[in-house]
Amino acid sequence: MEILDCERIAKAKRAFTTRRIPTERMRMLLSPPAEPKAGDLVLARIEALGHHKSVELPSGRKAALAATDEVVLAYGNRYAPDQFEAIVPADLGPCHMVAAGGVLRGRWHGTTRPCLRLRSCRSASSPTHAAAF
């Protein structure tokens with residue numbers, strides 16, 4: 001477990017899925033082998049841009065994304081057969097952003113369309129879960 005620097009979280013682009021969670025509640029990073037659940041927040045660094053080149057912010061505005069940006073997103077299950085489907089992974093390994101509002105999924109082989117790839121996925125806060133807000 002690592003205490004999260006307030007400055008680091010302030011610089012990260014927060015997705016719309018994190019809009020109800022106060023930034024001050026995002027205080028610690030968990031390292032593997034933690035198992036994420038739908039609604040858990042994640043601080044991740046962008047490895048490669050894919051279909052999504054921007055993220056929807058809590059305000060509803062869009063922010064352009066670039067490689068090496070850090071983002072705060074939420075894990076989620078998603079069924080969207082015309083876009084990207086998502087299942088919460090069993091670990092905090094590499095992941096993909098599958099919706100501009102900030103939904104994450106684990107490794108997936110069900111689509112040929114490139115997703116935005118993220119690395120260094122670590123839970124942004126153990127007790128902070130979107131359902132609590």
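## Briefing on a predicted protein model

The protein averages a pLDDT of 76, and 72% of its residues score at least 70, where pLDDT is the predictor's confidence in each residue, from 0 to 100. The structure is a predicted model, in which local features need pLDDT of at least 70 and side-chain atom pairs count only at pLDDT 80 or more, whereas totals for chains, interfaces and linings use all residues. Residues are numbered from 1 along each chain as its sequence is written, and side-chain values use heavy atoms, with hydrogens and water left out.

**Confidence along the chain**

**Overall architecture**

- The protein has one helix and 10 strands, these being DSSP runs numbered from the N terminus (helices H or I, at least four residues; strands E, at least two).
- Read along the sequence, the elements follow the pattern β-α-β-β-β-β-β-β-β-β-β.
- Of the contacts with a separation of 6 or more, 68% are between residues 24 or more positions apart.
- Of the 133 residues, 45% count as buried, meaning under 20% relative accessible area, with exposed set at over 50% and partly exposed in between (1.4 Å probe, protein chains only).
- The protein exposes about 7,000 Å², of which carbon and sulfur atoms supply 52%; accessible areas come from the Shrake-Rupley method with a 1.4 Å probe.

**Strands S4 and S7**

- Strand S4 (residues 41-48) is largely enclosed by the rest of the structure, because six of its eight residues are buried.
- S4 pairs with strand S7 (residues 70-75) in the antiparallel sense over five bridges, pairing being assigned if DSSP finds at least two bridges between two strands.
- Within this arrangement, Leu-43 has Val-72 in S7 as its bridge partner.

**Surroundings of Glu-70**

- Glu-70 lies in strand S7 and is buried, with a relative accessible area of 13%.
- The side chains of Glu-70 and Arg-8 are joined by a polar contact of 2.7 Å, a term for a pair of N or O atoms within 3.5 Å where, within protein, one must be able to donate a hydrogen and the other to accept it, and where residues adjacent in sequence count only if both atoms are side-chain atoms.
- Not counting residues up to four places away in sequence, Glu-70 touches Arg-8, Ala-12, Lys-13, Leu-43, Ala-44 and Arg-45.

Note on methods
Contact = heavy atoms within 4.5 Å.
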